[in-house]
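Hello,

Here is the structure I promised to pass on. Please open it first, then read the notes below.

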Amino acid sequence: MRAQQSSSAAHDKLVRLNQIQVIGSHNSYHAGFAPSERKYLEMKNPKALHGLDYSHAPLGDQLSGGVRQIEIDIFSDAKGGRFAHPLIDRRVVEAGLPADPDFDPNHEMEKPGFKVMHMQDFDQRSTCHTFVACLTDVRTWSQAHPRHLPIFILVETKEGDMRELPEAVKTEPFTPAVFDAMDKEILSVFQRSEIITPDDVRGHDATLNEAVLAGKWPTLDKARGKVIFLMDQRKVGFIYTQGHASLRGRLLFTNAVPGAPDAAFTEQNNGTVAEIDALVKQGYLVRTRSDESTDAARTNDTRRRDEVLASGAQMISTDYPPSEPSHWTSYVVKFPDALAARCNPVTKPTGCVDHLLEEAPMAH
């Protein structure tokens, strides 16, 4: 046992954060539709239902099943109550359908703070209704498994009108002050020392991009037991960096244009393997998707999945992680031998060993 611990410790000093590959879940909080909501959408908008017909287990269960990247969509709700009474509830009753169970029996949506859902008034059922609740679930799991690989937390900031329901409640815009509040909520759950931040990676370099191109992501011995926050929405990155050049003092890594001062992470959700690998070789963290809108799962089309698994993308996001087998498809995105992670196919250093990264996912 002592020899294996020594081997693992040496291995952790060899492998950096950007030299692994993990499976992530897309819209990780998504709880799906209640029975009458589903029937209503079957009647009124079957196309929307087709693309949204998936759901996930609570975040802790996903992490126990081997997911190491999650995605949380947040809406600003400074005063509370903005999203407490979804329009779809009224539409269900107007259609003569039985009322569904209350989506928020504990009235969490009435309180001020960032809310977690997919689409306001339309697709609001979540396994955790508030940003703080979702993060608390993650931290609780993390504290119980202190040697885990870093958990990548993708945050999507939601605002603007919704074409599926033009009369939906208006959202609050993400301003620098709203982003300050977001960072504050994160620090109300996680200690600063439990987060890998842009400041940690930049160190004494002039820009974050310089540090990343120089290969300064932390090694696993510095990253285990921690979380790393990533921003999904590229269009608001410039707002988040206002007054925080190169992300100084911020908690999230932006989804940046490669080469920009704040560039460390970038998305290539539909990128080719060549595009992904070129970025990964430069030092960037890359997230991609293996499936979208349930289409691949419905036909068990594994072409995109197999492509991105062979790429160097560090995060491969799916609606079908191995811990959540679907009753209607055999489509799943997983690594061999039930691994929670593996050495990156493109950037792994000599001596990287898959089974030393993390033990096989724990059974539920």
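Is E71 buried or exposed? E71 is buried, with a relative accessible area of 2%. Buried means under 20% relative accessible area, exposed over 50%, and partly exposed in between, using a 1.4 Å probe and protein chains only.

Some background first. This is a predicted model, in which local features need pLDDT of at least 70 and side-chain atom pairs count only at pLDDT 80 or more, while totals for chains, interfaces and linings use all residues. Residues are numbered from 1 along each chain as its sequence is written, and side-chain values use heavy atoms, with hydrogens and water left out.

Salt bridges

The structure holds 27 salt bridges. The term means a side-chain nitrogen of Lys or Arg within 4 Å of a carboxyl oxygen of Asp or Glu.

One of them joins E71 to R287, with the closest N and O atoms 3.2 Å apart. E71 sits in strand β2 (residues 69-75) and R287 in strand β8 (residues 285-289), so the pair ties together parts 216 residues apart in sequence. Helices (H or I, at least four residues) and strands (E, at least two) are DSSP runs, numbered from the N terminus. R287 is buried, with a relative accessible area of 2%.

E172 forms a salt bridge with R82, and here the closest N and O atoms are 3.2 Å apart. This pair also links distant parts of the chain. E172 is in the loop between β4 (151-157) and α7, R82 is in the loop between β2 and α5 (87-94), and they are 90 residues apart. E172 is buried at 15% relative accessibility. R82 is partly exposed at 32%.

R202 and D199 meet in a salt bridge at 2.9 Å, N to O. Both lie in helix α8 (residues 198-202), three residues apart, about one turn of the helix. R202 is buried, at 4%. D199 is partly exposed, at 28%.

Helix packing

Helix α6 (residues 131-144) packs with helix α7 (residues 176-189) at an angle of about 35°, their axes 9 Å apart. Axes are lines fitted to C-alpha atoms, for helices over the stretch in contact, and angles run from 0 to 180 degrees between N-to-C directions.

Which residues meet? From α6 come F131, V132, L135, T136 and R139; from α7 come M182, E185, I186, S188 and V189. Contact means heavy atoms within 4.5 Å.

Best wishes
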